[in-house]
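We will go stop by stop.

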Amino acid sequence: MKYKMIWKILVGFMLIVILSGCSNNIDTNSDFPETRDNKELSGTLTVSTIFDTYIDTFAEEFMDMHPNVEIIVERPEDNRVSYMYRIAIDLLGGTASDLIDLSALDINHKAQSGLLANIYDFMDSDPDFNKSDYYTNIFEAMEYEGGLYAMPLSFNYDMVYISKPLAESIGLDYENYKYINYTEMINIYEKVKKTHPSPDEFYLMPGIGKESFFNYESVDFFDIKTGDANFDSNEFIQHLKLTKKLNTVYHPDTQEWDFTRIGVGNEDFLIKDFMFAKFTTIDIDLKNMMVEFENTGSPIPFISSKGNMPFSNFLSTYAISNNSANKELAWEFLKYCASAKELPVFETKEDEEKYSFMFLGNIPINIENFYTHFRHSFESEVKWYKENGLEGNWKFTNEEEKEKMFQDTLDQIHKWNQERDVLVGNRELSTLLREELDNYYYYDLATAEETAKIIQNKVFTYLNE
C-alpha cells in the first residue's frame, strides 16, 4: 500500500479535472444486486454520458432483472466542452437521449428552458421511493423553482490538509479548525510565505491554479434564480488581486501538476513547501481520519468564505429529457441506480475492486450505500496492512478502540454530508470565462478591474439570456 495513497490522489485529481445514521447490518451473503420490487418493465432506453463509466454495470444488472428492457448507453467521443454543446443542441432539437448525464453542467439553465422533466414528480408518485433514504439536502441545493431537474447518483466535496510544520511556524492552532474557507487559507498562506526562506518555491496547494477560487467563491457573486450578478463589486476585485499573488505550480501552457512533494513511497504525503493539500472526500477516505501523520493534521472540510457548504457533482448526475417517450422507464432505471445495494460476496479480487470503484471519488447519494461502502473501504485498508505485515500509523490500539473510532468518524462524515448546501463547479460558466481568467492571471493582458467588468457582463448576459 506504499503507493496506494498516491494512486488514489492521482485518480481524485483526474476526476476533478474531467470532471441520521442508518442501519449498518449488511447481509454479506446476499447476491448483488437485488431489486426492491417485482415490476414487469419493458421498452428501450437510451442513456448519454461521457463521464460515468459505471452506468454500464447498472444497465446490465437492470436488464438481467427485466429481460424485456433494453438499455443503450451512448458515449460520444467528445471532450467535456464539445459534449456540453452537443447536449444543448440535442435538447433543443428534441433528439436527446432519454437519460442525460449533466455532471458539472448548468442544470438550471436547461430547466429554465423547459427541456427537462421534474424528477420530484416521479419521486412523489412512486410508493417504492423514500426520500428519507437519501441525502435530500443535495436534492434541495439543486432545486430550480421547487423542482429537481437532475438527480445525482453521488456527490463529493473538498477536504483540506494543513501542514503542521508551516502552521506551527506562525502559531496557528490548526487542530481546532472545524472548517476552513478560501479567504482563511489565503491569509494563512500570506503569513507563512513571509517567514518562508524560499518564498518563490512555496506553494499554496498541489493541483490548484490561481483561478481555482472562482469555483468556490463564485456562488457568492451570482444568483441563477434572480439573474443577478455582482462580479464588478470591490469585494470580487479584491479577490482577483489577492489570488493573483498566489504561487501555484499550474500554468495553462503546461497544464501540468507538481506531485513531487506528495511523499512517493510513504503516506506522509505533505512533506514540505505546500501549506495546504486539497482532495475530494473519498480520496482522503475514512482511513486517513484515523491515521496519525507526521507532517499534516487531520483533514477538515472546505467551505466558502461566506459560510456556504459547497459540493460538486462531477460524475453521474442524470436528467430525464422532456422529449423522452420513456420517462417512466427512465425513472425506474434511475431509481435503481441510486437505490441501496447490498454488499456482495466477492468471489475474486477483481469483483471486490469493481465494487470499490463504483463510488471512487464520490459519496453515494443513498445513505445506506454511504455507510456500506465506507465501512468496506476502511476494513479493506486495515486488512491490507495486516496481510503485508505493516502496522500503519493508526490512532487506535485495539479492536474495541478501532470500532468506536471508526463509527464516530463515519458519523462525522455523515454529518458533513448532510450540511452540503451549494452546488459548485459549473463547467459551462467556467468555460465561458476561461479566457478572461487566463488573460488576467497568467498573461497579464488585463487589470483586475477590467477583468471583473468583462466577467460581470458575460455572466449577467448568460444568466438572463
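Start with the lining of the second largest pocket. Select α4 (107-112), α6 (136-141), α9 (213-217), β8 (222-223), β15 (422-423) and α17 (448-464): each supplies at least two residues of that lining. Helices (H or I, at least four residues) and strands (E, at least two) are DSSP runs, numbered from the N terminus. A pocket is defined on a 1 Å grid over the protein atoms alone: it is an open set of points where a 1.4 Å probe fits, with protein on both sides within 12 Å along at least five of seven lines. Lining residues have an atom within 4 Å of a point.

This is a predicted model: local features need pLDDT of at least 70, side-chain atom pairs count only at pLDDT 80 or more, and totals for chains, interfaces and linings use all residues. Residues are numbered from 1 along each chain as its sequence is written, and side-chain values use heavy atoms, with hydrogens and water left out.

Stay at the pocket. Its volume is about 590 Å³; a volume is the space filled by probe spheres set on the points, which are joined across faces, edges and corners. Now pick Asn108, Val219, Phe222, Ile224 and Leu423, the closest to the centre of this pocket among its 28 lining residues. Colour the lining by class: 15 residues are nonpolar, 7 polar and 6 charged. Here Ala, Val, Leu, Ile, Met, Phe, Trp, Tyr, Cys and Pro count as nonpolar, Asp, Glu, Lys and Arg as charged, and the others, Gly among them, as polar.

Next, select helix α10 (residues 234-244), and in it histidine 239. Is histidine 239 buried or exposed? Histidine 239 is buried, because its relative accessible area is 9%. Buried means under 20%, exposed over 50%, and partly exposed in between (1.4 Å probe, protein chains only). Not counting residues up to four places away in sequence, histidine 239 touches Tyr182, Thr183, Phe213, Glu217, Phe221 and Ser305. Contact means heavy atoms within 4.5 Å.

Glutamine 238 is also in helix α10. At 48% relative accessibility, glutamine 238 is partly exposed. Draw a C-alpha to C-alpha line from glutamine 238 to alanine 452: they are 214 residues apart in sequence and 10.0 Å apart in space.

Zoom in on phenylalanine 333. Beyond residues up to four places away in sequence, Phe333 touches Leu45, Val47, Ile55, Phe58, Ala59, Phe62, Ile71 and Leu99.

Two loops come next. Glutamate 145 lies in the loop between α6 and β4 (151-152). Its phi is near 50°, a positive value in a residue other than glycine. Most residues other than glycine have a negative phi. Glutamate 145 is exposed, at 66%. Aspartate 444 lies in the loop between α16 (427-441) and α17, with phi near 55°.

Finish with confidence. Colour by pLDDT, the predictor's confidence in each residue, from 0 to 100. The mean is 81, and 80% of residues reach 70 or more. Over residues 1-37 the pLDDT is below 50. Where pLDDT is low, the predicted coordinates should not be read in detail.
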